[in-house]
Amino acid sequence: MTTTSAPPLPLSEVGERLREAVTSIVAPERLAAMPDAELLALLRVAEELGRAVDGLRVLATGEVAERSRATLGPERLSARSGCHSPAELIERIGCVSGQVARSRLRLAERLRPGYSLTGELLPGAFPAVREAVTSGTLGIEAAAAIIEPLAPVLDRGSILASLTGADGIRSAERELVDAATAGEPADGVRIMAQTWALFLDPDGPLRDDDRGRRERGLTLGRPRHGTVPIRGVLMPEVAAQLQRLLDAYLNPRVDEQGPHFVPDAPDDAPPVHDDLEQRTPRAEKT
């Protein structure tokens, strides 16, 4: 005997049923009459549903960003929707703040899978986190607590991986996901992730001055329409000197005590003495 799975419900119907169920549960008289155990169970179920919905938000946001990438030009989803960026599109669709939209985009960027040159689907930077977020067993706060400390280490390369051949990032990710899904709060997971990051990369990121010396540069473009475009990154002290130079040329200030011109005096006018000469007493001849 063969069994066939029922077709998935339309998204609009799923949302409507969920809203009806929640509305009936959170009625004031029903909440007030709930025993303590049932109330705590309700809170637990609500958190589980919230994690699943939050995961859906982030993963859908990642797909919106993928379809709105700059290489698509005017065909990108954000442009066709009348928005300048994926963040603006998320703000409008979700009625959320720009900060929330940008945080979802940052998290989604690390969870989105990649593709090979042949079109084969590849796991993302943090596959274990994505799997737990997709299943609703890991909240986005805990996911961010894992990714934010480990992502810079992944970008720079793990010292443990180079020394032992083991993938330290993957080991840390799995341990942190297990701790978070076992009940460790997000703040505790973040501390554990920071400890892992310090172990994997003891030297840490480059200092600001070292990073600045590597990234500094100045580029003059080709003349066009009578102007020359300029683009670059300067160290703070060089930028300050350039700012002073530009201020001197573009915003000159004339000192009120500086030289100025006066009309010639008529021939019969009394002589005009300099103020300093008038204020300075002359020595009498002896």
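**View 1. A nonpolar surface patch of about 810 Å².** In this predicted model, the patch is made by L218, L220, V228, I230, L234, V238, L242, L245 and L246. Patch residues have over 30% relative accessible area and no salt bridge; like charges are joined within 9 Å, nonpolar side chains (Val, Leu, Ile, Met, Phe, Trp, Tyr) within 5 Å. Accessible areas come from the Shrake-Rupley method with a 1.4 Å probe, and for residues only the protein chains shown count as cover. A salt bridge is a side-chain nitrogen of Lys or Arg within 4 Å of a carboxyl oxygen of Asp or Glu.

View 2. The largest share, 4 residues, comes from α13. Helices (H or I, at least four residues) and strands (E, at least two) are DSSP runs, numbered from the N terminus. L242 is partly exposed, at 38% relative accessible area. Buried means under 20%, exposed over 50%, and partly exposed in between (1.4 Å probe, protein chains only).

**View 3. Cysteines C83 and C95.** C83 is buried, with a relative accessible area of 5%. C95 is exposed, at 71%. C95 lies in the loop between α5 (86-94) and α6 (98-111). Phi of C95 is near 55°, a positive value in a residue other than glycine. The structure holds 0 disulfides (pairs of cysteine sulfur atoms within 2.5 Å).

**Notes.** Residues are numbered from 1 along each chain as its sequence is written, and side-chain values use heavy atoms, without hydrogens or water. Local features need pLDDT of at least 70, side-chain atom pairs count only at pLDDT 80 or more, and totals for chains, interfaces and linings use all residues.
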